[in-house]
Amino acid sequence: MENTVSVQQNLGTAARSEYMRRYLENLALLERLHRLMLDLIKDEFERLGLVNINPVQALLLFNIGENEVTAGELKSRGYYQGSNVSYNLKKLVEQGYMHHQRCPVDRRAVRVRLTAKGVAVRDRVAALFERHAQELQAEGMVNFDALDGVARSLRRVERFWGEQIRYIY
């Protein structure tokens, strides 16, 4: 009986170890995918001669789209994940990609929206993503079910991590 318990404990430890290995592998993959996406945007913009905007800023314009938001909403809505949002907003306004306007109710808050120049960048990023989606689908690399499964799994991890952060505070 004692030997059976020991074998079960070892199997449990091995399964936990394998799960941890896969979890860490997926975390690294998420990071690499994000970096690759930024590199794809950078390469596309260099090809098009758009060198005065970086990939993070272009992705921010893409994520904002037609919306008008405050700087605080950029993070809460998931439009921006970086730590230097004020720097990037300032640069986008200076370069004419975004309008900014103080909120009439709360003068500390600034609302931002894309200019025509910003919309053009957003459209370029959208075209890049559309082209990639069409190629992935045409080549049969990732089907609908696989995309949905990955999205469901990532949402569960996102929810779990969000709950962990709320639990800490």
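How exposed is Arg113, buried or partly exposed? Arg113 is partly exposed, with a relative accessible area of 33%. This is a predicted model: local features need pLDDT of at least 70, side-chain atom pairs count only at pLDDT 80 or more, and totals for chains, interfaces and linings use all residues. Residues are numbered from 1 along each chain as its sequence is written, and side-chain values use heavy atoms, with hydrogens and water left out.

**Fold and burial**

- The chain holds six helices and three strands. Helices (H or I, at least four residues) and strands (E, at least two) are DSSP runs, numbered from the N terminus.
- Read from the N terminus, the order of elements is α-α-β-α-α-β-β-α-α.
- Of the 169 residues in the chain, 21% are buried. Buried means under 20% relative accessible area, exposed means over 50%, and partly exposed lies in between (1.4 Å probe, protein chains only).

**Helix α5**

- Helix α5 covers residues 116-138, 23 residues in total. From its first C-alpha to its last it reaches 32 Å, close to the 33 Å expected at 1.5 Å a residue. The expected span is 1.5 Å times one less than the number of residues in the helix.
- Gly118, Val121, Arg122, Val125 and Leu128 are buried in α5.

- The whole structure contains 13 salt bridges. A salt bridge is a side-chain nitrogen of Lys or Arg within 4 Å of a carboxyl oxygen of Asp or Glu.
- Glu44 and Arg131 pair through their side chains in a salt bridge, at 3.1 Å from N to O. This pair links distant parts of the chain: Glu44 is in helix α1 and Arg131 in helix α5, 87 residues apart.
- Glu44 is buried, at 9% relative accessible area. Arg131 is partly exposed, at 32%.
- Glu68 and Arg113 also meet in a salt bridge, at 4.0 Å from N to O. They too link distant parts of the chain, 45 residues apart. Glu68 sits in the loop between α2 (55-64) and β1 (69-70), and Arg113 in strand β3 (residues 110-114).
- Glu68 is partly exposed, at 34% relative accessibility.

**Other salt bridges**

- Glu94 and Lys91 form a salt bridge, with the closest N and O atoms 3.6 Å apart. The two are three residues apart in helix α4 (residues 85-94), so about one helical turn separates them.
- Lys91 counts as partly exposed, because its relative accessibility is 26%.
- A network of salt bridges links Glu18, Arg21, Arg22 and Glu25.

**Surface patches**

- Patches are made of residues with over 30% relative accessible area and no salt bridge. Like charges are joined within 9 Å, and nonpolar side chains (Val, Leu, Ile, Met, Phe, Trp, Tyr) within 5 Å.
- A nonpolar surface patch is made of Tyr19, Met20, Tyr23, Leu24, Leu30, Val150, Leu154, Phe160 and Trp161. Together they have about 870 Å² of accessible area. Accessible areas come from the Shrake-Rupley method with a 1.4 Å probe; for residues, only the protein chains shown count as cover.
- Helix α1 gives the most, with five residues.
- Tyr19 is located in helix α1. Tyr19 counts as exposed, because its relative accessibility is 62%.
- Arg152, Arg155, Arg156 and Arg159 form a positive surface patch. Lys and Arg count as positive and Asp and Glu as negative, while His and the chain ends are not counted. The place of a charge is taken as NZ of Lys, CZ of Arg, CG of Asp or CD of Glu.
- Arg152 lies in helix α6 (residues 144-168). At 45% relative accessibility, Arg152 is partly exposed.
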